[in-house]
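Student: Could you help me learn to read a protein model? I would like to go through it one feature at a time.

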Amino acid sequence: MLPYTTVADAEAALGRAMTWSEAAWFRYSAATPDYCLYCHNVVILLVVYTLAPLPLALFELCAPAKLTAPYKLQPRVRLSPAAFLRCYRDTARVLLLTVGALQLVSYPVVKMVGIRTGLPLPSAGEMAAQLAAYFLVEDYLNYWIHRLLHTEWAYDKIHRVHHEYTAPIGFAAPYSHWAEVLILGVPAFAGPAIVPCHMTTFWLWFVIRHIEAIDTHGGFNFPFNPTKLIPFYGGAEYHDYHHYVGRQSQSNFASVFTFCDYIYGTDKGYRYHKANLAKMKDMAKYNDEKGGSDAFISGKQD
């Protein structure tokens with residue numbers, strides 16, 4: 001809740017006129033307790049989870065196979081509408097019960113680390129710098145937690161649930177055991193705890209991170225995907241290999257970027273796989289060209 005009752009009070013405290021975004025924030029949050037603002041995370045998470053995977057889900061369910069096959073990473077796997085619905089239902093329930101319950105008890109920690117709700121709002125540059133830091137922190141911590149989840153006990157007891165989808169879909173991005181949802185919340189919160197931010201940046205961080213997870217689990221590799229312009233970004237093809245290998249996977253643990261896998265040598269299986277695919281593609285191209293040449297020679301002799 002903001003410590004101002006009027007716009008004049010807020011602008012007097014700022015020493016300047018509010019921007020349009022600050023005025024909008026003032027109208028929305030002036031009489032809303034900080035705890036309620038923090039609990040917006042649950043609603044935001046469920047809305048993003050419901051809407052962001054929907055376009056790819058409809059594309060896979062409604063478009064003919066010949067249209068989806070060139071872009072689908074595992075074209076032989078086509079889930080039914082019932083399977084999509086079951087994934088959404090089960091995941092939404094786990095998110096609501098785990099994240100929702102966590103919101104009830106975690107606000108004192110959020111307040112303690114210094115996440116604020118007041119004015120002024122952060123600048124675009126400040127938000128961008130903080131989000132970049134959060135991605136780097138989360139990616140590094142998530143990498144090691146993910147590796148631990150692939151140890152025998154952790155995989156059998158917890159992580160195997162997430163790997164039920166060997167050909168992942170957007171709705172399966174947060175599909176996990178309830179314990180994994182809570183465990184992976186630690187690296188996601190570590191960045192804001194180290195570099196405190198405004199509540200609006202806090203919301204935006206979880207929105208972007210969730211959309212990124214949906215993208216890497218989308219199951220499609222579109223050549224026009226703008227994330228291909230992001231340096232060291234893994235993307236759907238990179239993470240799809242991890243799900244395809246499944247239990248035995250010791251490759252591609254990174255959640256966002258690829259440099260941890262490269263530094264610690266856990267991308268060797270993927271690179272070997274890619275090299276083999278390239279050789280097979282070159283061999284098929286060579287055989288096609290050779291076959292065409294032989295047919296041409298044979299035609300001339302006839």
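Student: How far is the sulfur of C197 from the closest cysteine sulfur, and in which residue is that sulfur?

Tutor: Let me start with the ground rules. This is a predicted model, where local features need pLDDT of at least 70, side-chain atom pairs count only at pLDDT 80 or more, and totals for chains, interfaces and linings use all residues. Residues are numbered from 1 along each chain as its sequence is written, and side-chain values use heavy atoms, with hydrogens and water left out.

Tutor: Now the general idea: a disulfide is a covalent bond between the sulfur atoms of two cysteines. Here a disulfide is called when two cysteine sulfur atoms are within 2.5 Å. The closest cysteine sulfur to that of C197 is in C39, 16 Å away, which is too far for a bond.

Student: How many residues does the largest nonpolar core have?

Tutor: In soluble globular proteins, nonpolar side chains tend to be buried together. A nonpolar core is a set of buried Ala, Val, Leu, Ile, Met, Phe, Trp, Tyr and Cys residues joined through side-chain atoms within 4.5 Å. In this model the largest one has 27 residues, and L2, W25, F26 and L119 have the most contacts inside it. Two or more residues come from each of α2 (20-29), α3 (34-51), α6, α7 (124-149) and α10 (199-216). The largest share, four residues, is from α10. These helices are DSSP runs (H or I, at least four residues), numbered from the N terminus.

Student: What does L2 touch?

Tutor: Contact means heavy atoms within 4.5 Å. Leaving out residues up to four places away in sequence, L2 touches W25, F26, S29, A30, T117, G118 and L119.

Student: How many salt bridges does a search of the whole structure find?

Tutor: The search finds 11. To call one, look for a side-chain nitrogen of Lys or Arg within 4 Å of a carboxyl oxygen of Asp or Glu. K111 lies in helix α6 and D34 in helix α3, so their pairing ties together parts that are 77 residues apart in sequence. D34 counts as buried at 12% relative accessibility, whereas K111 is partly exposed at 45%.

Student: Which residues form the nonpolar patch on the surface?

Tutor: They are Y35, L102, L104, V105, W178 and L182, with about 600 Å² of accessible area together. Patch residues have over 30% relative accessible area and no salt bridge; like charges are joined within 9 Å, and nonpolar side chains (Val, Leu, Ile, Met, Phe, Trp, Tyr) within 5 Å. The areas come from the Shrake-Rupley method with a 1.4 Å probe, and for residues only the protein chains shown count as cover. Helix α6 (81-113) and helix α9 (178-194) each supply at least two patch residues, and α6 gives the largest share, three residues. L104 lies in α6 and counts as exposed, because its relative accessibility is 60%.

Definitions and conventions
Buried < 20%, exposed > 50% of the residue type's maximum accessible area, 1.4 Å probe, protein only.
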